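Hi everyone, thanks for coming. Have a look at the screen, and I'll talk you through a few places I picked out.

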Amino acid sequence: MFTPHTPKDVEVMLNTIGIGKVEDLFAEIPEKYRFPELKLPPSLTEMEVAEELESIANANGSTKSLLSFLGAGAYDHYIPAAVDMLLQRGEFYTAYTPYQPEISQGTLQAIFEYQSLVCELTGMDVANASHYDGATAAAEAVILAYHHLKGKRTKFLISRAVNPQYREVVRTYTQGSQDIIIQGDDPETGLDASMDKLIAQIDSNTALVMVQYPDFFGRVIDYKPLIAAAHSAGALVAVAVNPTALGVLTPPGEMGADIVFGEGQPLGIPLSFGGPYLGIFAVTNDLLRKISGRLVGETVDNAGRLAYVLTLTAREQHIRREKASSNICTNQGLMALASTIYLSLLGKQGFEAVSNLCYQKAHYAASQISSIQGYSQVFSDQPFFHEFVIRSPQPIDHLLDDLRAYDILGGYNLGQDYPELEGCLLIAVTEKISKEDIDLFHDALVEVTHD
Amino acid sequence: MNFPEELKYSQTDEWVRVENGIATIGISDYAQDALGDIVYFEFSVEAGEQVKAGDQLGQVDSAKASSEVNLPVSGVVTEVNESVSDDAEILNQDPYGKAWLVKIQLADPAEVEKLLSASAYQAYRVG
Amino acid sequence: MTEPTIFELSSAGRQGVRFPASDVPEVALPSAFRRKELPLPELAENETVRHFTRLSQKNYAIDLGFYPLGSCTMKYNPKINEAVSRLPGFALTHPLQPEDTVQGNLYLMYTLQEWLKEIGGFAGVSLQPAAGAHGELTGVLIIQKYHAHRGDTQRTRILIPDSAHGTNPATSAMSGFEVVPLPSDARGNVDLEALKGLCDERLAGLMLTNPNTLGLFDENVSKVIEIVHAAGGLVYGDGANLNALLGVLRPGDLGFDIMHLNLHKTFSTPHGGGGPGSGPVGVCQRLVDYLPDPVVAIIEPGTDEMPPLYGYAHPARSIGRVKSYNGHFGILVRAYTYIAMHGKNGLADIAEKAVLNANYLLAKLKDSYHLPYDRRCMHEFVVEGQWADAPGIRAIDIAKRLIDYNFHPPTNYFPLIVHEALMIEPTETESLETLDAFVDAMLKIAAEARENPQLLHEAPHNSPVGRCDEVRAAKQLILRAPKA
């Protein structure tokens with residue numbers, strides 16, 4: 001398809017190499033396995049494959065055709081046209097990792113700006129060039145705390161209100177370790193916003209306490225007491241964030257967090273059925289040497305010109321090999337660029353506007369829906385950002401099925417992750433949702449409930 | 001390259017000076033040269049800790065490389081030279097003097113005998 | 001020309017993209033949590049667009065020229081991949097949508113799983129891992145759980161050849177294994193005697209890249225796998241070099257138990273300036289139950305009238321989830337498209353031309369650059385970037401001088417077992433003219449090294465910036481723009 005060789009080219013090359021046919025190049029491959037017959041479809045031209053992919057895409061319902069209130073870690077925000085147009089410049093997306101700084105200043109400066117923007121948003125000192133997503137960033141936070149405390153503390157407390165997928169991935173990453181204990185997210189410790197039961201578990205063996213802001217249920221909680229308790233016990237605190245919320249809410253850096261991480265998908269990255277997304281990761285200066293992943297730093301070139309380079313590379317796998325604390329190599333370069341362009345395009349006023357719109361519309365939706373007979377808002381005494389929990393008189397799976405007749409995706413069924421929240425729905429509202437959409441949702445709920 | 005006669009050396013490029021049962025340990029001139037510009041040093045041990053030969057003393061990073069520094073002898077750490085972690089560059093400038101790393105109360109002075117003499121170390125590293 | 005940062009271009013009060021006013025009754029933000037300052041830049045839209053456009057022009061990229069980075073497989077990134085991944089039917093689907101609303105996506109993932117099984121010779125595939133290193137972690141965790149499940153808890157060691165990519169030992173250590181280096185012999189193969197000596201009851205597995213990072217196909221690969229299996233260990237394949245084997249050999253047929261694939265290398269998905277990649281993992285039959293949770297499966301078989309119903313399955317002894325949601329779906333769409341275009345008969349052409357191109361370059365360069373392993377190479381080869389009669393010239397100088405000839409340098413200083421290594425991988429999408437131009441540049445540089453070494457030491461001369469002070473960057477850490 002994309003090989004340019006003419007038969008004449010091949011002949012010239014075979015002569016230079018000194019062999020008779022191309023197959024001779026593979027003489028070292030064991031004969032019985034050489035050139036297998038692959039059970040794959042016949043090849044297609046570009047025109048044909050475009051048609052095939054169109055029909056596959058058309059077999060889906062998307063947020064284009066469905067009114068969606070699904071959040072739970074991935075959000076449908078408006079992405080300005082300029083983001084993708086810039087991202088599609090071949091100089092950005094067909095470039096390699098910037099190991100040769102002389103010919104990678106575009107990528108390097110963009111990452112430097114990304115690192116800076118993440119620090120400003122989160123209130124932290126240093127940010128890396130990205131991890132894969134929020135969930136793997138959570139695992140990297142655990143690994144960082146473990147190594148920072150030299151393996152001497154082995155207990156990691158994670159709030160039950162942290163995204164269930166983050167907690168799963170942390171457990172996957174740490175399953176091989178004999179001594180690491182992950183606890184705090186059991187039903188007994190529970191979901192109380194005071195965090196008292198979690199704080200009670202902090203002791204001299206605690207390496208890290210992890211919470212989320214806003215939490216999985218959209219709640220905005222003051223973590224300062226928890227952070228104080230953790231610090232006085234000598235433990236670190238990692239806070240998972242939704243970056244959109246930081247347009248209007250105090251950043252965790254100002255509360256005293258040691259690590260701030262999260263899912264950067266809301267920043268100009270399409271839903272794309274779950275990926276590729278963006279793992280944001282930032283720390284205080286004290287933890288700078290322990291941060292994994294790439295870092296871009298400012299320097300000068302041999303003519304004294306300002307230049308950007310990958311730096312502190314001695315932390316990474318290609319140098320430290322088995323001594324590296326993380327194995328990360330390829331990260332999410334293009335997605336970090338997308339978020340940098342998004343934040344720059346929106347700027348201070350635009351980003352604050354989006355954040356505020358999400359807040360306002362979610363509050364309107366919460367008040368409308370909780371006023372329906374039989375419905376109530378759970379955690380209603382706690383401030384929330386753009387997601388909230390509604391208890392329904394109907395079983396949630398039936399409710400969601402019924403809403404489909406209205407082309408509505410009603411939200412996330414919390415009972416599948418939280419037995420104590422059986423019958424509860426997690427609803428997210430972004431700036432793309434209009435008042436009419438919310439009223440439609442309200443009216444549909446009334447109709448399907450009182451049938 | 002400098003290989004002071006009065007010191008003993010390990011095959012992993014640490015030097016040892018013994019005075020009254022206390023061993024002072026650092027990295028050799030060969031090591032700092034091989035690493036290049038040193039940017040960071042972190043200690044893995046602290047004063048009061050019991051250690052044995054082969055344990056990690058610290059981690060030294062240069063712009064392009066990272067290396068473990070090991071303890072060539074066993075005993076109890078009496079002092080750690082924090083000025084190296086404050087300014088790792090002194091390892092390049094004065095590896096045998098200002099950039100000493102730790103002092104150890106020796107558990108077994110005979111361990112020092114097993115280390116290389118200056119000429120043996122020089123032969124090993126430079127030939 | 002130095003481009004100012006986005007912060008330096010900012011001017012208070014400038015507005016970029018605007019949003020509508022709120023259409024709902026206003027409620028107050030919680031005062032206890034109200035952010036006081038939001039120090040984001042303020043630019044008009046066209047200023048932002050110009051800034052990033054100018055930045056892009058400082059980059060070298062595949063769309064501009066040849067990129068012979070060994071082990072990176074910098075092949076052409078087809079534009080049709082970009083177009084289809086952006087179809088709203090893909091881009092606007094939420095990962096938690098009910099399965100009946102995403103049958104297209106699930107069909108695509110299921111089919112890609114099946115195709116990768118077929119191409120690699122595997123019994124099961126997970127599309128979840130986000131990159132090669134992530135696939136390695138997945139594989140190592142599978143090895144760990146497999147042995148643990150059989151009560152074989154004394155298997156604590158992973159053997160890794162000294163030529164391996166740094167992610168191999170990093171991943172193994174990260175998972176709690178002891179990393180044992182395995183030497184190569186004079187022909188670049190795994191040293192069989194050393195291997196036999198290390199195969200005891202502590203052996204969990206071997207991580208092998210084949211062809212290896214020298215671009216050499218291990219002449220004893222079947223024996224190596226046999227020895228490890230006989231000792232009760234598993235063989236993990238680092239699939240970074242699969243471009244040499246597409247349609248020519250299925251690693252599963254040789255006996256590899258697990259392998260990760262790099263979609264952003266072999267399967268043409270773009271490198272993006274450092275990702276996103278995608279690192280699916282294929283496994284043999286006995287390891288299928290350990291794959292990450294979930295995999296895509298057929299929940300209800302199809303009939304004459306209805307297509308199958310696709311959904312998620314949960315492997316019985318899964319190591320668990322390694323990433324949120326479904327892996328890098330947008331990247332999977334691109335790889336699916338690439339495989340669909342090439343089809344049954346097109347994949348072998350990729351490997352054939354990749355290996356042909358590499359051997360052509362090797363033949364043209366071996367008289368001017370020292371080749372430490374004089375063997376047929378596969379899709380890449382390693383030469384030394386130094387000559388006895390050009391003292392002071394090192395691989396880095398050759399690499400930087402190539403920039404002046406408008407080529408991206410090859411991978412340098414890797415693998416560690418070759419001094420002043422230059423690892424050259426042309427890939428199959430380069431023409432004879434490009435290869436000849438590269439040879440020409442390399443020969444000129446070899447001559448310059450003897451006649452005018454300063455040209456190399458001071459290179460590059462024509463790039464946006466010259467050689468950078470990396471020591472200063474590490475000593476005087478400036479990792480962000482000044483705080484606003």
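So, let's start with A:Asp443, which sits in helix H13 of chain A, the helix running over residues 435-449. Keep in mind that what we're looking at is a predicted model. You'd need 20 or more to call a residue buried, and 12 or fewer to call it exposed. Now find A:Ile369. That residue is 74 positions away from A:Asp443 along the chain, yet their C-alpha atoms are separated by 9.2 Å.

Okay, on to how chain A meets chain C. How many residues are in contact here? From chain A it's 164, and they touch 171 residues of chain C. On the chain A side, the top contributor is helix H11, residues 333-370, which gives 23 residues. And what is that side of chain A made of? Sorted by class, there are 81 nonpolar, 54 polar and 29 charged residues.

From H2(A), the contact uses A:Ile56, A:Ala57 and A:Asn58, while H4(C) brings C:Gly104, C:Tyr107 and C:Leu108. Four residues in this contact are nonpolar, two are polar, and none is charged.

Now for chain C as a whole. You can count 14 helices and twelve strands in it. Its C-alpha trace spans about 75 × 60 × 45 Å along the principal axes. Does that go with a compact or an extended chain? A compact globule of 484 residues would have a radius of gyration near 23 Å, and chain C has 25 Å, so the two agree. Of those 484 residues, 60% count as buried. And if you take contacts between residues at least 6 apart in sequence, 73% of them join residues at least 24 apart.

Last stop: the domains. The assignment for chain C gives domain 1, at 80-342, and domain 2, at 347-457. Their centres, taken over C-alpha atoms, are 30 Å apart. Where they meet, domain 1 of chain C puts in 20 residues and domain 2 puts in 21. The domain 1 side of that contact has nine nonpolar, nine polar and two charged residues.

How values were computed:
Residues numbered from 1 in each chain as written. Chains lettered and ligands numbered in written order. Predicted model: local features only at pLDDT ≥ 70, side-chain atom pairs only at ≥ 80, totals over all residues. Contact = placed C-beta atoms within 7 Å. Helix = DSSP H or I, 4+ residues; strand = E, 2+ residues; numbered from the N terminus. Nonpolar A, V, L, I, M, F, W, Y, C, P; charged D, E, K, R; others polar. Rg over C-alpha atoms; globule rule 2.2 N^0.38 Å. Buried ≥ 20, exposed ≤ 12 C-beta atoms within 10 Å, placed from the backbone. Domains from an automatic or database assignment.
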